[in-house]
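Work through these exercises with the model open beside you. Try each task before you read its solution.

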Amino acid sequence: MARACLQVKGFMPCQYILGHQKRFMGSFRRTDTPEKSNAKSVPNKKKSFIDSLRIYARGGAGGQGLVKFGGIGGDGGNVVVVAKDKQTLINVYQKCPTRRFVAGNGANSTKFCLCGDKGTDMEIFVPPGVELVTDEGQVLGDLNKEGDRAIAAYGGKGGNPDNQFIGRRGDARSVRLDLKVIADVGLVGFPNAGKSTFLKAVSRAKPKIASYPFTTIRPQIGIAEFPDFRKISVADLPGLIEGAHANFGMGHRFLKHVERTKLLLFVVDVNGFQLAQGYPSRTAFQTVLLLNKELELYRPDLLSKPALLVVNKMDTDLDHHLTEEVMSNLESLPVSMETVVEEMRPETLIKFDDILTMSAKNRENTDLVMKRVRALLDQYADKQLAEQQKEKAMMPFDEGMDGIFEKDREHAKQKLA
Ligand SMILES: Nc1nc2c(ncn2[C@@H]2O[C@H](COP(=O)(O)OP(=O)(O)OP(=O)(O)O)[C@@H](O)[C@H]2O)c(=O)[nH]1
């Protein structure tokens, strides 16, 4: 990717962008793959937020059986990860800095107690939104709401006739607890576009706002409340940069939070984006295409999410010249794509449900944007419900189909007779 960037005139090599971002972000280290980054990640004790934690989980060993009396050993306990509200990953780390979680062993069978007791499960409480992933990339579970559970490591079977009464060892593996923000709306944009300002305008959240890029280095969730008490959660996600899909500039750590939001709200600065002096300058239209491309290269299915585009900082475009330019370019897509270099062009274009303008700073049109967001969320929820009902009606394993199984049973009985 870095090489590809270099070949294009005006394209900033990703490592340069990264180097610059590093300066802005202080403690962030370069990571080429998420696995690598997490393999090394030991949370800084001073950090108040982490969105990924690698743990070692070992199930308890099975108890020994008693051959003489045919006694069965107890099964080893499991290491279970449980979603709990108000829990954080940093809590998990603070409670167990070694990040080693071992479940209890099953009890041996004795002549006084032929069936050994099962080992105690080890429970790890994590915040909802955590995904359990092994080093091999296997997803063990997705904990979306309080009470959801997944097993990180199974306990070994107790000794029994099948294993010659020798209790088995439990599973032992490293598991990554990957937290992905769950929100109705995810704000997506380049740094400095005004995402945090928008969040502040529509909710009571108090995100950090500054005129330099990468002010937001962790997702912030605000709740927008309507007069009829309807609430919509909005996640301010850290700004993306070119090459984020290839994990440049902590790209994956930022992009992963987009996955679980229901609607994507793209925020672009009408003046375009320039990381700093000496870096390539992008027009607002180019930033839309680049964001589209980053998402496409990271996970193409994200493009099918409901999406709204908001062109921000209208107060700075007094003669509306820039707004008209970006609007006309967006209207004449895909023809207008011919005006940008090929490397910026996405293969599949996001279908925006609407394109709006606002001034987040002056709170102009911010309510209108939220009203549109609400209408779209409702529209998509209705659509989803209708689809689910349609699917249910077509499913053979439905209540209405019990009769068919009944008929099958009757048919089998007749055959046997
Ligand atoms: N003139 C004007 N300035 C704005 C507007 N919205 C945001 N800004 C300014 O733009 C700068 C960046 O705003 P942020 O809200 O921090 O931008 P962001 O997209 O959250 O930036 P990152 O945290 O880097 O991702 C701040 O100086 C804001 O005051 C707007 O509508 N008009």
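**Exercise 1. Cysteine sulfurs**

Which cysteine sulfur is closest to the sulfur of cysteine 113, and how far away is it?

Solution. Some ground rules come before the steps. This is a predicted model, where local features need pLDDT of at least 70 and side-chain atom pairs count only at pLDDT 80 or more, while totals for chains, interfaces and linings use all residues. Residues are numbered from 1 along each chain as its sequence is written, and side-chain values use heavy atoms, with hydrogens and water left out.

Step 1. Find the neighbour. The closest sulfur belongs to cysteine 115, at 7.1 Å, which is too far for a bond. A disulfide is a pair of cysteine sulfur atoms within 2.5 Å.

Step 2. Turn the view around. For cysteine 115, the nearest cysteine sulfur is that of cysteine 113, and cysteine 115 is in no disulfide.

Step 3. The whole structure has zero disulfides.

Step 4. Check accessibility. Cysteine 113 has a relative accessible area of 37%, so it is partly exposed. The scale runs as follows: buried is under 20% relative accessible area, exposed is over 50%, and partly exposed lies in between (1.4 Å probe, protein chains only).

**Exercise 2. The three-stranded sheet**

Work out how β2 and β4 pair in the open sheet of three strands.

Solution. Step 1. The order is β4-β2-β7, again with mixed pairing. β4 (122-126) and β7 (149-153) are the edge strands, each pairing on one side only.

Step 1. β2 (residues 79-83) pairs with β4 in the parallel sense, over five bridges. Valine 81 has isoleucine 124 as its bridge partner in β4.

**Exercise 3. Two helices**

Describe the packing of α5 against α9.

Solution. Step 1. α5 (residues 195-202) and α9 (residues 366-394) pack at about 85°, with axes 10 Å apart. Axes are lines fitted to C-alpha atoms, for helices over the stretch in contact; angles run from 0 to 180 degrees between N-to-C directions.

Step 1. Classify the angle. α5 is therefore roughly perpendicular to α9, a class that covers 65 to 115 degrees.

Step 2. List the contacts (heavy atoms within 4.5 Å). Phe198, Ala201 and Val202 in α5 meet Thr366, Val369 and Met370 in α9.

**Exercise 4. A loop methionine**

Is methionine 337 buried or exposed?

Solution. Step 1. Locate methionine 337 in the loop between α8 (321-331) and β14 (354-357).

Step 1. Its relative accessibility is 10%, so methionine 337 counts as buried.

Step 2. Leave out residues up to four places away in sequence. Methionine 337 then touches Phe285, Leu289, Arg345, Pro346 and Leu349. Phenylalanine 285 is 52 residues away in sequence, yet 9.2 Å away in space, C-alpha to C-alpha.

Notes:
Helices (H or I, at least four residues) and strands (E, at least two) are DSSP runs, numbered from the N terminus. Angles under 35 degrees count as roughly parallel, over 145 as roughly antiparallel, 65 to 115 as roughly perpendicular and the rest as oblique. Two strands pair if DSSP finds at least two bridges between them.
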